[in-house]
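Please look at the structure shown below before reading on.

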Amino acid sequence: MSSVKTLNANAEVMGSQAALFMNINAAKGLFDVMKTNLGPKGTIKMLVSGAGDIKLTKDGNVLLREMQIQNPTAVMIARAAVAQDDVTGDGTTTTVLLIGELLKQAERYLGEGVHPRVISEGYEVAKKAAVEFLRGYKEDFDVSDRETLRCLARTSLRTKLREDLADQLTDAVVDGVMTIHRENEPIDLHMVEIMTMRHKLSSDTRLIRGLVLDHGARHPDMPKHMEDVYVLNCNISLEYEKSEVNSGFFYSSAEQRERLVAAERAVTDEKVQKIIELKRKVCGAKEGASFVVVNQKGIDLQSLDLLAKEGIMALRRAKKRNMERLQLACGGLTINSVEELEEGVLGRAGKVYEHVLGEEKFTFVEDVANPTSCTILIKGPNNHTIAQLKDAVRDGLRAVKNAMDDGALVPGAGAFEVACAAHLREHTKKKVVGKSKIGIEAFAEALMGVPKILAENSGYDAQEAVIALAEEQANGVCCGFDISSGLPIDPHLSGVYDNYIVKRQVLQSAPVIASQLLLVDEVLRAGMNMRR
């Protein structure tokens, strides 16, 4: 009887063999769920919530977050994989598959009586050797090389979307990150806003080198399309305001009331008149120029009317984040009082126009002077498509950012896994003495699981594919699996690349989780009521 039973007779205890069996089965169960998602030819999962909402996805991160996993071991693996996504933005499915493969390979040797500690030590040696091999295997590249970045983004997007749509989004994702990239400055992906519009087809998704504001002009007579635009960013109240302290106005006749109302109106009209005077000054000096006011505070109807008569487009109650991004994109300054009005505070944009979709209005600010911020406008006929596109674009942006931060890439299509497995067998295994060789062999076999699954998901024979890849690798050729022909291919020729940081993170986290699960010899369900 377990000593825990002595302390608490109600405690549930699972012995060493049963605990190992439970952990390995949980990992294999999650492995079987996720493996069909891997690669461009992976299948899609449909998630149905308790309320009946449907979500279609093949993104491992979305699946693991949305699925209701109850097995404690599977939850642990899922959390490790989700943490991988939080750190690098990709590699969730690969992490789950590598943990599953490592435990599957360990199960073979455990059945032959090998102690889990021996396998765990072998995994630790293999992990260090694999990370060291990855450092030498990565390929440095020039971060301004747009074509290489396109290849990387295309590889990432094709694993989440159908091929033609992924290829179309590739340019939007790469250009979006390159637009906000500044030499020797960290890339802030918050400067790439993802805007969704339920309209037309998903193929109409595009990059706007500027902003899309989710509101429009509030006067029917204001211009809807303007070119060569001066943009005034302001935080000025152009409406009647209540006093901030409790106060009252008393009058003894109708004339006094009229004078009071006129005086209040005159204050607002004076502010509007100063804006109009600035517009006349800057637009009068340049033929064809136009003027837009974007205000964080309110603009009342009389003020809107005055601005409309002057041909000024005015947007009121703009969101603070839009104001900040507008200032970055168009240049100029945000002013808080009309005394600061001068030509130097104005931003510039090549084109500003309004787009009406049902009852919603959107204002597009394009061809901006200094595009340190941009917008990816995602369009789709329904919410399923939009959600899928949004997740894919986020991962694509992270992939390009990671590559630019690392300044290095890793050949994809399973090429690294094939090369690393060969390196572990030919070099690392020979340097190690004793039973730890078993763990290194199991690690190498687990790495070969990735190209094997790519072949299975593409409809080819997995064993044939692995043998062909091993033969090519033995000849010293860098080779990955071609999902179109089912033959080995040089990933450089196909333009298939993976992120260095993603591969490194997978290699560092997956073996640790697998080793910890192997070394569990008892599972105790005792609860807090043990103390009673």
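To sort the residues of a lining by class, Ala, Val, Leu, Ile, Met, Phe, Trp, Tyr, Cys and Pro are counted as nonpolar, Asp, Glu, Lys and Arg as charged, and the others, Gly among them, as polar. The model is predicted, so that local features need pLDDT of at least 70 and side-chain atom pairs count only at pLDDT 80 or more, while totals for chains, interfaces and linings use all residues. Residues are numbered from 1 along each chain as its sequence is written, and side-chain values use heavy atoms, with hydrogens and water left out.

Rolling a probe the size of a water molecule over the atoms shows where empty space is left. On a 1 Å grid over the protein atoms alone, a cavity is a set of points where a 1.4 Å probe fits but cannot get out, whereas a pocket is an open set with protein on both sides within 12 Å along at least five of seven lines; lining residues have an atom within 4 Å of a point. Grid points are joined across faces, edges and corners, and a volume is the space filled by probe spheres set on the points.

The largest pocket holds about 890 Å³ of space. Its lining is made of 43 residues, and the closest to its centre are Gly39, Pro40, Thr155, Thr159 and Asp498. Two or more lining residues come from each of helix 3 (60-66), helix 5 (92-111), helix 7 (146-158), helix 15 (449-457), strand 18 (497-499) and helix 18 (500-518). Here helices (H or I, at least four residues) and strands (E, at least two) are DSSP runs, numbered from the N terminus. By class, the lining of the largest pocket has 14 nonpolar, 17 polar and 12 charged residues.

Which helix gives the most to the lining of the largest pocket? That helix is helix 7, with 5 residues. Helix 7 has 13 residues and reaches 18 Å from its first C-alpha to its last, close to the expected 18 Å; the expected span is 1.5 Å times one less than the number of residues.

Helix 7 is mostly covered, since 10 of its 13 residues are buried. A residue is buried under 20% relative accessible area, exposed over 50%, and partly exposed in between (1.4 Å probe, protein chains only). Among the buried residues of helix 7 are Arg150, Arg154 and Thr155. Their cover includes helix 8 (163-180), helix 12, strand 15 (408-411) and strand 18, where contact means heavy atoms within 4.5 Å.

The second largest pocket holds about 310 Å³ of space. It is lined by 13 residues, and Leu189, His190, Met191, Val192 and Arg394 lie nearest its centre. Strand 5 (192-198), helix 11 (320-330) and helix 12 (383-406) each supply at least two of the lining residues, and helix 11 gives the most, with 4. The lining of this second largest pocket divides into 6 nonpolar, 1 polar and 6 charged residues.

A search of the whole structure finds 2 cavities of 30 Å³ or more. The largest cavity has about 70 Å³ of space, and Thr94, Phe416 and Lys503 are among the residues that line it. Helix 18 provides the largest share of this lining, 3 residues. The second largest cavity has a volume of about 50 Å³. Its lining includes Thr57, Lys160 and Gln388, and helix 12 gives the most, with 3 residues.

Single residues complete the picture. Thr93 belongs to helix 5 and is buried because its relative accessible area is 10%. Leu301, in helix 10 (residues 301-309), counts as exposed because its relative accessibility is 62%.
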